[in-house]
Amino acid sequence: MKRIIERMKEFADVSDATLRELAAALEPCRFAKRTLLVEEGRQAGAAYFLERGMTRSYWMVDGEEITTSFSTEGSLVFSMDEIYYGRVSEEYVEAIEDVDCYRIDARRLRELVSVNIELARWWGAIHEYEYRRLHQSHKERLTLPARERYEAFSRQFPDVCRRAQNCYIASYLGVTASTLSRIRALSGKN
């Protein structure tokens with residue numbers, strides 16, 4: 001749980017007692033590359049803390065996969081629809097590398113966040129961070145040319161740029177894979 005704890009502590013002060021309480025609710029699990037952790041139209045009943053590996057979230061739009069986010073070590077992945085609203089997921093979360101993670105029951109996660117002030121602060125802080133990140137990404141997609149969008153993305157997510165397939169990054173940026181290849185070649189980041 002080293003990477004998960006490190007990442008949690010980036011957002012909030014979390015005591016050893018709280019970490020033990022959280023750890024008691026976690027179940028280690030492993031997913032092979034290409035496995036779906038969350039599927040559209042279903043409830044996973046869980047959230048996943050990533051210790052190793054990377055996932056991407058995406059929607060299916062007119063038969064095309066549209067990447068909406070990437071998650072790496074230390075991140076928490078889940079269906080927003082399920083965790084926040086108790087509905088089936090409208091998106092997919094796929095392991096794009098082999099993933100070692102810890103599963104937590106969705107109800108138990110909501111319960112812990114509602115009764116433990118340290119976890120509530122952490123939960124609020126990660127959501128504030130993610131909202132700001134999404135807001136910035138949305139602004140960039142609407143206002144920046146493709147090359148500048150990629151440059152901003154590569155500054156924010158250098159690890160994803162090294163590890164994710166071009167087609168996933170291109171989808172996230174709203175460009176074609178061939179456009180992204182040209183941009184990367186021009187910037188020397190192939």
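In this predicted model, helix 1 (residues 2-11) packs against helix 2 (residues 16-24) at an angle of about 130 degrees, and their axes lie 12 Å apart. The two helices are therefore oblique to each other. The crossing of helix 1 and helix 2 is right-handed. On the side of helix 1, the residues that meet helix 2 are Ile5, Met8 and Lys9, and their counterparts in helix 2 are Asp16, Leu19 and Leu22. By class, this contact of helix 1 with helix 2 has four nonpolar and two charged residues, with no polar ones.

**Overall dimensions**

The secondary structure of the protein consists of nine helices and eight strands. Its radius of gyration is 17 Å, close to the 16 Å that the globule rule gives for 190 residues, so the protein is as compact as a globular protein of that length. Taken along the principal axes, the box filled by the C-alpha atoms is roughly 50 × 35 × 30 Å.

Strand 1 is joined to strand 8 (residues 99-105) in the antiparallel sense over six bridges. Within this sheet, Pro28 stands opposite Tyr102 of strand 8.

Strand 4 (residues 55-61) pairs with strand 5 in the antiparallel sense over seven bridges. Thr55 has Ser71 in strand 5 as its bridge partner.

**Helix 6 and its two partners**

Helix 6 (residues 146-156) packs with helix 9 (residues 177-187) and with helix 5 (residues 117-143). With helix 9, the angle is about 70 degrees and the axes are 10 Å apart. Helix 6 and helix 9 are therefore roughly perpendicular to each other. Their crossing is right-handed. Ala146, Arg147 and Tyr150 represent helix 6 in this contact, while helix 9 contributes Thr179, Leu180, Ile183, Arg184, Leu186 and Ser187. Sorted by class, the residues of the contact of helix 6 with helix 9 are five nonpolar, two polar and two charged.

Helix 5 and helix 6 pack at an angle of about 160 degrees, with their axes 10 Å apart. These helices are therefore roughly antiparallel to each other. The crossing of helix 5 and helix 6 is left-handed. Arg133, Ser137, Glu140 and Arg141 of helix 5 make the contact with Arg149, Ala152 and Gln156 of helix 6. The contact of helix 5 with helix 6 comprises one nonpolar, two polar and four charged residues.

| Helix pair | Packing angle | Distance between axes |
|---|---|---|
| Helix 1 and helix 2 | about 130 degrees | 12 Å |
| Helix 5 and helix 6 | about 160 degrees | 10 Å |
| Helix 6 and helix 9 | about 70 degrees | 10 Å |

Definitions and conventions
Residues numbered from 1 in each chain as written. Predicted model: local features only at pLDDT ≥ 70, side-chain atom pairs only at ≥ 80, totals over all residues. Heavy atoms only, no water. Axes fitted to C-alpha atoms, helices over the stretch in contact; angles between N-to-C directions. Helix = DSSP H or I, 4+ residues; strand = E, 2+ residues; numbered from the N terminus. Parallel < 35°, antiparallel > 145°, perpendicular 65-115°, else oblique. Left-handed = near helix turned anticlockwise from the far one by under 90°. Contact = heavy atoms within 4.5 Å. Nonpolar A, V, L, I, M, F, W, Y, C, P; charged D, E, K, R; others polar. Pairing = 2+ DSSP bridges. Rg over C-alpha atoms; globule rule 2.2 N^0.38 Å.
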